[in-house]
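Subject: Structure for your review

Dear colleague,

Please find the structure below. My notes on its cavities and aromatic contacts follow.

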Amino acid sequence: MSQQIIEELLSKLSIEEKVKILVGIGDTTSSQLARVPGAAGQTHPIERLNIPGFVLADGPAGVRIENPACRTTAFPVEVMLASTWNPELVEQVGKAMGEEARICGVDVLLAPALNIHRHPLGGRNFEYFSEDPLLSGKIASAYVRGVQSAGVGACIKHFVGNEQETGRWGLDTYVSERALREIYLRPFEIAVKEAKPWSVMSAYNKINGVHCSENEWLLTRVLREEWGFDGFVMTDWGAGEDVARQINAGNDVIMPGGQDKLEQVLKAVNEGKIPIETIDRAVARVLSKLLGSAGYKSTPGKPDLEAHAKIAYEAAVEGMVLLKNQGALPIDRGKKIAFFGVGQILTVKGGMGSGHTHPPYVSTILDAARGRSLAIDEELAKKYAEALSTYKEELEIFYRDEPDKPSVSEDVVGEADIYASAQRNDLAVIVITRVSGEGWDLAPEDFYLRDDEKWLIDTVSEAYRRIGKPVVAILNIGTPIDVASWREKVDAILLAWQPGQEAGRAIIDTLLGLVNPSGKLPTTFPKTLGDVPSWTFGGEPADIPKSVTYEEDIYVGYRYYDTFGKEPAYEFGYGLSYTTFSYSDLSIEQDSEQVKVKFRVTNTGKMPGKEVAQVYVKPPKGKIDKPQKELKAFKKTRLLQPGEHQDIVLTIGYKDMASFNGKEWILEKGAYKILVGSSSRRIHLEGEFRLPEEKTFRN
């Protein structure tokens, strides 16, 4: 939208009308002003100037509108999208979401979320990408580009330091500026610079004593002046305390708004607490983006749900992570399979809260197995169906709406049933599920298996493996759980995350080898919660937390485990395949701005597959403490046939290897090792480059 048009509109708008553009209407379900009832929010329309009310909808895993008539695609959750390590595929997902948003009349999709996996108990980890800022930023950038290619905006969130749900309304996050800039701000910076999102959502919490939505340093100096962000900032729903401080700090839109917020902003303007120039600036930011939206101009229609379901399926199968396989997978189609666990029917498509979706269907594991005409143990399946028959209404809600999984113990079948099934089947598949969501964090008992889950794994393992029949575990979860205590009792573990509406088909096709798992972990699986460095998670005081201190500083996830020699259950970047790959021909070139890394990846196995090549940089010992290694580039290969290779070329800028010393970014002189591998601990090639002089960079 041209600056001239914006200036003309500003000259015609009254103070009251300008404020209405900056404050939401409140409840979109009941308001007569709502263009899309059930959307997350909307601004006020200014009808006399043909300025519509701009519609905002949740959407980390697909467009979410609380209206039974609006069914949209449920895509894999963000942690699973990150597990693909495939920005090109994620961009397709974003484009499909954007198209559905536009057709539904939505102007801004409130996604993606870029907070960091600081601790496995984070309630919204499923809705965030990774523990690593580079992977988060690159996948988020692809997501944003895809959404905005459809003519609607993306809103990256929650800016910043919103790594837990406990006490989130104003929790004070104490974190060093170095950790902020290198870990927590970094994914936002990458997305802002590479994808240019229309909007940023400021977080509920405080940063070092100041509400994020009232933080001028954060919203103006860093976001706009340093990074060049030219969009608008909106609050999280109900965030902050003072509307004048929010708008003066650079937070342009107050959500969800309502009459009381309108009056507060008008009063602040009339009392001189908000200069009219500041109001004009905020209105200009909003209109410059949203008047170009295709959402409010969209004519009624139906999205291509069939085509989008195929994209959801592709993203799901590429995000599957094979954690263990001792010859049990892939499964031969002729084998007789016994499915255990209520998750075969209660297959979890996604998480709860703003990240849930309303798809037209959900493919469950059991239905998908039948759809592939597998020889499943129907006697066992009948017992599970009967156990869940009293939950008919809850199941309908579970599949189509917010997935509040009915609480059903895993003792649906008895020991005699399990041992009898071992005599008539060739292998067992156990499904373990977890559901989490917005508004609360997980408890330690959610990380570890329940007693009934332990009993099921123990009993099935004993019954099948003692007679030479394999046991496969499927993890239908949104955040890491304990695997170290029981993984020796099974022959294979497939991490299926929460795969969206195509969950069952994606899982079954991966088990059968119709697709080759190529996902890699975007987050570390610790052996125990006691191994996690973020021990302050939850905050203080424990009963009603008011603050949390990021004592681990920059040592989040693999940066901690690899630097301090702590062995995880499964490391960052880890994931197996049904084929094998070799790495060769490493060469390293450097110039005044960057390092170029070249190498070859070859499929040395017997099945087509994709590999995720990861490049880490190990710094020399210097005056600034640094992690033992950090991810600095990655590339997922195309589908390589047996014997086929792909030559990879990746570049790493010097600034991207620098550390923040409190004033500027510094890259110290010395020898830097380039480590090329298939995970943070599986390094296949090693080389180095030398930096003869220290380099410094401004923000």
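In the counts of lining residues, Ala, Val, Leu, Ile, Met, Phe, Trp, Tyr, Cys and Pro are taken as nonpolar, Asp, Glu, Lys and Arg as charged, and the others, Gly among them, as polar. This is a predicted model, in which local features need pLDDT of at least 70 and side-chain atom pairs count only at pLDDT 80 or more, while totals for chains, interfaces and linings use all residues. Residues are numbered from 1 along each chain as its sequence is written, and side-chain values use heavy atoms, without hydrogens and water.

A cavity is a set of points, on a 1 Å grid over the protein atoms alone, where a 1.4 Å probe fits but cannot get out; lining residues have an atom within 4 Å of a point. The volume is the space filled by probe spheres set on the points, which are joined across faces, edges and corners. The whole structure holds four cavities of 30 Å³ or more. The largest cavity contains about 110 Å³ of space. Its lining has 16 residues, and His117, Arg118, His119, Pro120 and Glu131 are the closest to the centre. The lining of the largest cavity comprises seven nonpolar, seven polar and two charged residues.

The second largest cavity contains about 40 Å³. Val617, Pro619, Lys626, Glu630, Lys632, Met657 and Tyr672 line this second cavity, giving four nonpolar, no polar and three charged residues.

Finally, arginine 487 lies over the face of tyrosine 570, 5.0 Å from the ring centre (the criterion is CZ of Arg or NZ of Lys within 6 Å of the ring centre and within 35 degrees of the ring normal).

Key: On a 1 Å grid over the protein atoms alone, a cavity is a set of points where a 1.4 Å probe fits but cannot get out, and a pocket is an open set with protein on both sides within 12 Å along at least five of seven lines; lining residues have an atom within 4 Å of a point.
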